[in-house]
Amino acid sequence: MTGLEIGFASIAVMLVLIYSGMHVAITLMLVSFVSVWMIRDNPDMAAKLMVAAFKDSISDYLFGVVPLFVLMGLVVSVAGIGRDTFDVAQQAFRKILGGLGVATVAANAIFAAITGISIASAAVFTKVAVPEMRRHGYTPHFSVGVVAGSAVLGMLIPPSLLFILYGVLTEQSVGDLFIAGVIPGLVLSATYALGIIAMGKWAPGFIGGTTVSTDDMPTMSFGEMAAKLAPIVILVALVLGGIYGGIFTPTEAGAAGAAGALVIAVLKRRLGWRDFWQVLVQTGHTTASICFLIMGASLYSRMLALSGMPNWLGDTVLGAGFGVNGVVIAMILVMVLLGTILDSASIMLLVLPIAVPILTGLQVDLIWLGVIAILAVEIGLLTPPFGLAVYVIKSTLGPDTDITLGQIFKGAAPFALMMALVLALVFIFPALATALL
């Protein structure tokens with residue numbers, strides 16, 4: 001077999017193994033190792049390439065940002081800042097039809113600016129917002145659907161772990177990617193809020209059917225609201241202000257944010273030793289998982305380059321006259337399709353090593369492409385049969401809940417459609433992603 005044939009065969013074998021249930025990182029490593037062995041007919045060369053790929057991928061200074069932002073997000077969750085944010089948003093939107101849904105979106109958008117982890121947002125607001133919405137008469141599917149939909153804001157509004165991963169894979173500035181996510185993140189938040197208000201007016205049966213009474217909601221003074229929001233404002237100013245102001249690199253901002261979150265949690269007396277240990281263990285688990293994925297993707301990218309497949313695909317696409325739009329749309333469709341079985345990081349690790357070389361040859365703005373890619377893979381968090389955010393919500397609700405998996409997918413469907421609308425807007429109007437750069 002030629003290198004090109006081995007490259008294409010490796011992709012087919014990889015998809016079969018992943019569909020069969022093998023972990024993505026193990027699949028990437030195994031298939032890449034065997035493919036290099038076949039291309040060079042030398043197992044020692046394959047082993048040396050694997051060692052080099054592993055060393056280079058995790059020794060990158062930028063990679064240190066991952067555990068730091070994960071630690072910050074988990075500490076913020078334990079400190080109850082998500083609950084404080086929801087309380088303030090609930091106060092602000094209490095008079096609007098569907099107000100608790102809008103409050104959940106607003107709280108998630110603010111929470112996203114200090115966490116960057118969709119799964120953390122989904123877990124926090126399942127505990128905070130769902131019981132409150134159900135108590136006020138919202139339907140079960142809407143109560144969980146709005147949490148699932150708004151949780152994905154954590155990967156679009158900076159800081160975002162997926163933007164960091166994209167920056168590592170494509171060698172783009174993480175700071176520029178963070179800036180590019182601001183306007184699309186705000187547009188998506190506004191779209192969700194307007195969509196909820198529209199559903200309340202024209203599809204009241206979906207969200208609950210009547211205007212929810214707010215008489216029994218606790219009221220807060222301006223001072224109380226400011227006190228609850230102060231930690232959030234401080235962390236956002238510290239992390240994003242430090243990056244945009246040129247004071248910190250993204251890695252340094254992650255360290256500053258993690259330290260700031262720890263100080264706030266201790267001052268609020270919401271972080272005991274047992275909680276702190278659990279946060280550290282969970283940070284280690286999450287970082288190790290991402291680390292293995294990146295190592296597998298690094299080896300996979302080198303194998304593809306060795307096979308010559310990306311260059312062949314690029315020349316074929318250019319020779320066939322396919323435009324930028326056609327290639328980007330094809331990438332979007334593949335990512336959304338893979339979202340039915342894989343998590344967001346795995347999709348990016350599989351698709352980007354093939355798509356980016358082709359799109360680079362077509363002179364595509366890789367910062368704009370990053371926003372497109374994040375939106376595309378995040379749609380997969382809400383779509384069956386995998387829908388990672390949906391399963392996190394189901395797990396957080398516990399075994400005794402009366403809300404089924406089907407109800408969560410039903411409630412999330414309108415938000416997946418709204419996300420697809422925003423994806424189309426960013427595709428048609430690239431300035432939404434690049435205007436602030």
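So, Gly246: this glycine comes after helix H13, and its phi is positive, near 80°. By helix I mean a DSSP run of H or I, at least four residues, numbered from the N terminus, while strands are runs of E, at least two.

Quick housekeeping. This is a predicted model, where local features need pLDDT of at least 70, side-chain atom pairs count only at pLDDT 80 or more, and totals for chains, interfaces and linings use all residues. Residues are numbered from 1 along each chain as its sequence is written, and side-chain values use heavy atoms, with hydrogens and water left out.

Okay, back to H13, residues 222-244. Where does H13 bend? At Leu229, by about 40°, with Pro231 following within four residues. That bend is the angle between axes fitted to the seven residues ending there and the seven starting there.

Among the buried residues are Met225, Pro231, Leu235 and Val239. What do they pack against? The buried residues of H13 pack against helices H4 (65-78), H5 (81-92), H6 (99-115), H10 (174-180) and H14 (250-267), with contact meaning heavy atoms within 4.5 Å.

Now zoom out. The protein has 22 helices and 0 strands. Its radius of gyration is 22 Å, close to the 22 Å that the globule rule gives for 437 residues, so it's as compact as a globular protein of that length. That radius is taken over C-alpha atoms, and the rule is 2.2 Å times the number of residues to the power 0.38. And buried residues make up 54% of the 437.

Definitions and conventions:
Buried means under 20% relative accessible area, exposed over 50%, partly exposed in between (1.4 Å probe, protein chains only).
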